[in-house]
Structure formats: structure tokens, C-alpha cells
Amino acid sequence: MKNTVDISAVSVRAMIKTNNTEPNNTKLCLAKNRSGKPCQKYPIVGRMRCRLHGGLSTGPRTEEGKARIIAAHYKHGRRSKAFLETRKRMWAALRKKVMEMKIQGYL
Ligand SMILES: [Zn+2]
């Protein structure tokens, strides 16, 4: 049959997505929730936190994935290291020039 679906893999993914899993050794997530109390949901199997508190994703692993996240968060570059260094050098050069002109009597 062509259109067979691996039911076990699908159901496992569905269980993980919905956190409809067996209690994970009866340990709770215990992350601080918005009301300031510890979360009472069970963690994702094999993880320490529930799906709402970081159990579902652990972020990018590959260098390519990390670079993609950095690129996605880049807004205008006015706080980038390169821009700040350039601005710092320009202001230092300007201050130096002003000081030279003051010494020479132009200012
Ligand atoms: Zn939680």
C-alpha cells in the first residue's frame, strides 16, 4: 500500500504535542507561571519542563539554524557590535581633531 502512515509515530507526536502523556515519574514541571505559582503540568517525556515552559523546543542545534535565528532577530543594526565600534572610532577621531584645532588656536 502506498498511503500507509506510521500510526505509532503519529500518535507519539500527537501525545508529545498535546502533553497527553503518562505522568513522567509523577514529577511536575514546576516552572514559575504567570501567577507566580509553580506549574502543575507534567513535563514532556524525557524533559524537565512542560510544553508551555520550554519542554517542546530546545532551540536550534546546527550552525545554520543558529545563524538563521540570529538573522531573524536582526532589526536595524544600530546596536550591533560593528556599528557601535565604528561610531566610537568616529567620535574619538572627531574629539582628537577638535583638541588639535584648540591647541593650534582655530577654536
Ligand atoms: Zn510548565
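Predicted model: local features only at pLDDT ≥ 70, side-chain atom pairs only at ≥ 80, totals over all residues.
Trainee: Does P43 count as buried or exposed?
Mentor: A residue is buried if 20 or more other C-beta atoms lie within 10 Å of its own. P43 has 24 C-beta neighbours inside 10 Å, and therefore it counts as buried.

Trainee: How many Å apart in space are P43 and C29, C-alpha to C-alpha?
Mentor: In sequence, P43 and C29 are separated by 14 residues. In space, the C-alpha to C-alpha distance between P43 and C29 is 5.1 Å.

Trainee: Is L30 buried, exposed or partly exposed?
Mentor: A residue with 20 or more other C-beta atoms within 10 Å is buried, and one with 12 or fewer is exposed. L30 has 16 other C-beta atoms within 10 Å, so it is partly exposed.

Trainee: What is the order of the elements from the N terminus on?
Mentor: The secondary structure of the protein chain consists of three helices and zero strands. Read from the N terminus, the elements therefore run α-α-α.

Trainee: How many Å does helix 3 reach from its first C-alpha to its last?
Mentor: Helix 3 comprises residues 81-104, which is 24 residues. At 1.5 Å a residue, the expected value is 34 Å. The reach of helix 3 is close to that, at 35 Å.

Trainee: What is the count of buried residues in helix 3?
Mentor: In the protein chain, buried residues make up 6% of the 107 residues. Helix 3 is hardly covered, and among its 24 residues the count of buried ones is zero.

Trainee: Which element has the highest mean pLDDT?
Mentor: The mean pLDDT of the protein chain is 83. Among the elements, helix 1 has the lowest mean, 55. The highest mean, 97, belongs to helix 3.

Methods
Residues numbered from 1 in each chain as written. Helix = DSSP H or I, 4+ residues; strand = E, 2+ residues; numbered from the N terminus. Expected span 1.5 Å × (residues − 1). pLDDT = per-residue confidence, 0-100.
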